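Please read these points with the model open beside you.

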Amino acid sequence: MLPPIFSTSSYPAGDFTFEHYRQPSFAVLPQAFLMCSISIKLDGPSNVEINCGEKLTRRQLSRGDVTIIPHRFSIEGAHVEACEFLQLCLNPSLVEHSAEELGLGKHVELAPALGVVDPLAEQTIYQLEEELTSSPNRTDYVNVLVDTLAKHLVRYYTRGAWSRNKVGGFPKYLLDRILEYIESNRDRSLSSQEIAGAVGVETDRFVEAFKAATGKSIQTYLKK
């Protein structure tokens with residue numbers, strides 16, 4: 001049973017529902033997510049537990065982390081500590097439409113991702129909140145933002161592009177950008193602070209996520 005919500009602002013539309021939660025805790029009942037849900041933490045840290053079949057995944061989310069739960073993914077139960085976060089739920093039809101437009105076929109399956117560092121998703125969902133809370137809001141621009149985020153999720157979080165062992169790391173597009181930046185600057189000394197700044201991620205989160213995504217610390221990778 002869901003705990004009492006301190007406050008929530010909801011902005012329903014045809015293809016999505018946008019919500020701003022402020023509540024003491026967040027409990028998810030079995031198979032509660034019937035749509036693709038993207039949440040962004042506003043304050044933290046917060047502990048998250050998601051039971052993926054027989055595998056229990058535990059992660060600590062920090063400010064700016066993105067949590068993505070696909071609508072076709074079966075969830076046995078989850079609990080999030082007291083927090084404030086933005087949540088965008090996309091209708092399955094919108095995800096399928098995005099996949100078709102990208103030439104990936106109609107039936108795509110998004111892979112689970114918890115606590116992923118994704119500056120593009122973060123920036124887009126904050127822009128969406130700003131637009132939805134403005135008066136009057138520009139409906140056409142709102143639809144562009146939602147469509148952009150849906151295509152981003154389909155392009156980088158479908159099975160094959162993302163796997164469970166990268167939970168807590170970077171999406172492929174951002175990891176590729178990081179590795180490209182490192183390789184193009186091999187002729188000089190690089191620091192984790194410089195690389196993190198170049199891709200728009202806080203240094204502490206960058207160091208943690210890089211190791212989660214590659215299995216190597218950034219210091220070890222720079223020495224090779």
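1. Buried residues, those under 20% relative accessible area, make up 47% of the 224 residues in the protein. A residue over 50% is called exposed, and one in between is partly exposed (1.4 Å probe, protein chains only). The model is predicted: local features need pLDDT of at least 70 and side-chain atom pairs count only at pLDDT 80 or more, while totals for chains, interfaces and linings use all residues. Residues are numbered from 1 along each chain as its sequence is written, and side-chain values use heavy atoms, with hydrogens and water left out.

2. The protein has seven helices and 10 strands. These are DSSP runs numbered from the N terminus: helices are H or I with at least four residues, strands are E with at least two. Contact here means heavy atoms within 4.5 Å. Of the contacts with a separation of 6 or more, 72% are between residues 24 or more positions apart.

3. The protein exposes about 11,000 Å², and carbon and sulfur atoms supply 50% of that area. Accessible areas come from the Shrake-Rupley method with a 1.4 Å probe; for residues, only the protein chains shown count as cover.

4. Look next at two loop residues. Asp15 sits in the loop between strand 1 (7-12) and strand 2 (16-23), and counts as partly exposed because its relative accessibility is 39%. Leaving aside neighbours within four places in sequence, Asp15 touches Cys89, Leu90, Asn91, Ser93 and Leu94. Its C-alpha is 8.6 Å from that of Pro92, which is 77 residues away along the chain. Gly44 belongs to the loop between strand 4 (36-41) and strand 5 (46-52); with a relative accessible area of 48%, it is therefore partly exposed.

5. Is Lys41 buried or exposed? Lys41, in strand 4, has 3% relative accessibility and so counts as buried. Beyond its neighbours within four places in sequence, Lys41 is in contact with a set of residues including Leu61, Arg63, Asp65, Cys83, Phe85 and Tyr126.

6. Helix 3 (residues 139-157) has 19 residues and reaches 26 Å from its first C-alpha to its last, close to the expected 27 Å. The expected span is 1.5 Å times one less than the number of residues. Among the buried residues of helix 3 are Val142, Leu145, Leu149, Lys151, His152 and Tyr157.

7. Leu175 is in helix 4 (residues 172-183) and counts as buried because its relative accessibility is 9%. Leaving aside neighbours within four places in sequence, Leu175 contacts Phe170, Ala213 and Thr214. From Leu175 to Phe210, 35 residues apart in sequence, the C-alpha distance is 7.9 Å.

8. The second largest pocket holds about 180 Å³ of space. A pocket is an open set of points on a 1 Å grid over the protein atoms alone, where a 1.4 Å probe fits, with protein on both sides within 12 Å along at least five of seven lines; lining residues have an atom within 4 Å of a point. Its lining includes Arg63, Asp65, Asp118, Glu122, Tyr126 and Arg205. Helix 2 (residues 119-133) gives the most to this lining, with three residues. By class, the lining has four nonpolar, two polar and six charged residues. Ala, Val, Leu, Ile, Met, Phe, Trp, Tyr, Cys and Pro count as nonpolar, Asp, Glu, Lys and Arg as charged, and the others, Gly among them, as polar.

Definitions and conventions:
Grid points are joined across faces, edges and corners, and a volume is the space filled by probe spheres set on the points.
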